[in-house]
Every structure is written in C-alpha cells, then in structure tokens.
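Here are a few notes to read alongside the model. Take them in any order, with the structure open next to you.

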Amino acid sequence: MRVVSLVPSLTEAVAATLPGLLVGATDYCTHPADLDVPRVGGSKYPDLDRIFALHPDVVLMNVEENQRSDAEAIEAAGVRVRLTYPRTVDQALDELADLLRDLGTGQEPEWLAQARAAWAAVTPAIPPRTVIVPVWRRPWIVAGGDTFTSDVLLRLGLRNLYADTSDRYPRPTLDDLRAAAPDLVVLPDEPYPFSPADGPEAFPDAPCALVSGRHLTWYGPSLAEAPRLLTAQLTRPARKAPH
C-alpha cells in the first residue's frame, strides 16, 4: 500500500508503526525528524498534482486540518481518502487504532498502548483551574469547545473558559480575553509560535504557560508522553519579556 499523509499527527503515527507505507507528506510533517519522503505542500493548500504523481492508494486527511474541496478532488481522481476527526482524547486513541488496523498492522503498536495507559492514569485536579488557549494572534483566535485541545486540558484538570461557545474557534478581542480573567493563559508554540517574547506580554495580569503545541494538539505517538510533559509545562509560569 502507498500512503500520502496530509496530517502531521498521522504522518508521525504511520511512520512510527508502518514506515514503509509512506510515500508522501506535507511540508509541516516534522516528525519523525528523519522522515525522508517527497513533500506535497501544506495541509490547507496541498499540491494535488504532486500527490497524484506519487500514485497513492490512500490519502490520509483530517476534517479540521484539510479542505473538503481537496478531499473531493482526490476522491474524484479515484484515490481513496481516509478521514479522521477526533475531538476527545478517547476518540483520538480509537481512531488511531482503527486507522492503523486498516493500513495493515496486526496489533496495536506499543506507543499506542503506552498512550492509553498514560491517559488512563491521569487524575485531574478538582476543582479545575480555568484557562484560555490562544492558538493565533493578529487576529486573536482561541480553542473553543468540542475540540481535541479543550478535552486534553480538561483531562489535565483545566477548564476552558470558551468551551461552551458555539464556535469551535472563537475570535474574541484581546480585551475580551483579558476580561475573562482566567487562572492561566495557555500558549502553545504552534500553530502560532508563541514564545517568552511573543504572547505573555499581552496578558500582564494573568500567569501564562508556554507549552508544546505538538503535545497539546497532535494525536499520534506524542500522546504517550503528553500527560507528563504538559503537566510539567502547565505548572511552570512563563517569564514575561521586558517592556
């Protein structure tokens, strides 16, 4: 089977389990670091001609990360599209198991078993701390409800103040974010590259935590170490850059 992945999480999952299947991936598929396959552009704007030139049997896509029009074009060309759309940790674990089974693995890989065990052992803090999770600025965009990111944080004892919004990715103003008065502002390093010098200064009255975007938003082998790593990062306040 020949597989092209347009989802960084799934690229890492397949590469760690059935590496011989991957024949193409996006420019943003950064893990594993030594992945050596042809690149087909970005997740939102892949080069379909490059994809077709690789003669894939299946293209891995995600409802949230990729565009419906690309999925339709790939299917119209006679190539099977395999979609994922996890909004919770449990859904991610199950969808990964189903995907890898469909691709030919005989049993769940060790990293997936470790991920299940790691998340089963998590005991969230009671009562949970409240958080906001910016994923972009200029304009500000935050993770809302019914998102994998929000569920990850809830499992770790953090309640997303935007979890009850109808929009999965609201666009509040900075004044709105500050007025929400969260116990903690969670700043991942992707998709927007928040850093000590870019992000914490916008929230002078709230503690901020800089976290790994891969462990907060990816669903793949990173799930095995995500509870431990995120817990450490979420309890380590970011240093605000001097004005």
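1. D146 has 48% relative accessibility, so D146 counts as partly exposed. Keep in mind that this is a predicted model.

2. Staying with D146, have a look at its backbone. Most residues other than glycine have a negative phi, and most peptide bonds are trans. D146 has a positive phi, near 55°, and is not a glycine. You'll find D146 in the loop between β7 and α6.

3. A181 also has a positive phi, about 50°, although it is not a glycine. A181 sits in the loop between α7 (174-179) and β9. Is A181 buried or exposed? Its relative accessibility is 54%, so A181 counts as exposed.

4. Next, the peptide bonds. Going from H31 to P32, the bond is cis, with omega near -5°, and P32 belongs to the loop between β2 (22-25) and α2. The bond from R138 to P139 is cis as well, with omega near 0°. P139 is in the loop between β6 and β7.

5. Now for the aromatics. A pair of aromatic rings is described by the distance of the centres and the angle of the planes. Rings of Phe, Tyr and Trp pair if their centres lie within 6.5 Å, and by this rule there are five aromatic pairs here. How are the rings of W140 and F203 arranged? Their centres are 5.4 Å apart and their planes meet at 75°, so this pair is edge-to-face. This pair links distant parts of the chain, 63 residues apart: W140 is in the loop between β6 (134-136) and β7 (141-142), while F203 is in the loop between β9 (184-188) and β10 (208-211). W140 is buried, at a relative accessible area of 10%, and F203 is buried too, at 3%.

6. Another pair to look up is Y192 with F194: the ring centres are 4.6 Å apart and the planes lie at 50°, so the pair is tilted. Both Y192 and F194 are buried.

7. One more ring to check is that of Y85. The charged end of R87 sits over this ring, 4.2 Å from its centre.

8. Helix α3 (residues 68-76) has two sides to look at. Which of its residues are buried? D70, A71 and I74 are. They span an arc of only 100° around the axis, so they lie on the same side of α3. R68 and A76, on the other side of α3, are exposed. The cover over the buried residues of α3 includes α2 (48-53), β3 (58-62) and β4 (80-84). After α3 comes G78, with a positive phi near 90°.

9. How much space lies in the largest pocket? About 1,100 Å³. There are 28 residues lining the largest pocket, and those closest to its centre are K44, E64, E65, Y169 and P191. At least two lining residues of the largest pocket come from each of α1 (8-17), β6 and α6 (148-155).

Definitions and conventions
Residues numbered from 1 in each chain as written. Predicted model: local features only at pLDDT ≥ 70, side-chain atom pairs only at ≥ 80, totals over all residues. Heavy atoms only, no water. Phe/Tyr/Trp six-rings, centres within 6.5 Å; stacked < 30°, edge-to-face > 60°. Helix = DSSP H or I, 4+ residues; strand = E, 2+ residues; numbered from the N terminus. Buried < 20%, exposed > 50% of the residue type's maximum accessible area, 1.4 Å probe, protein only. Lys NZ or Arg CZ within 6 Å of the ring centre and 35° of its normal. Arc of directions from axis to C-beta. Contact = heavy atoms within 4.5 Å. 1 Å grid on protein atoms, 1.4 Å probe; cavity = no way out; pocket = protein on both sides within 12 Å on 5 of 7 lines; lining within 4 Å. Points joined across faces, edges and corners; volume = space filled by probe spheres on them.
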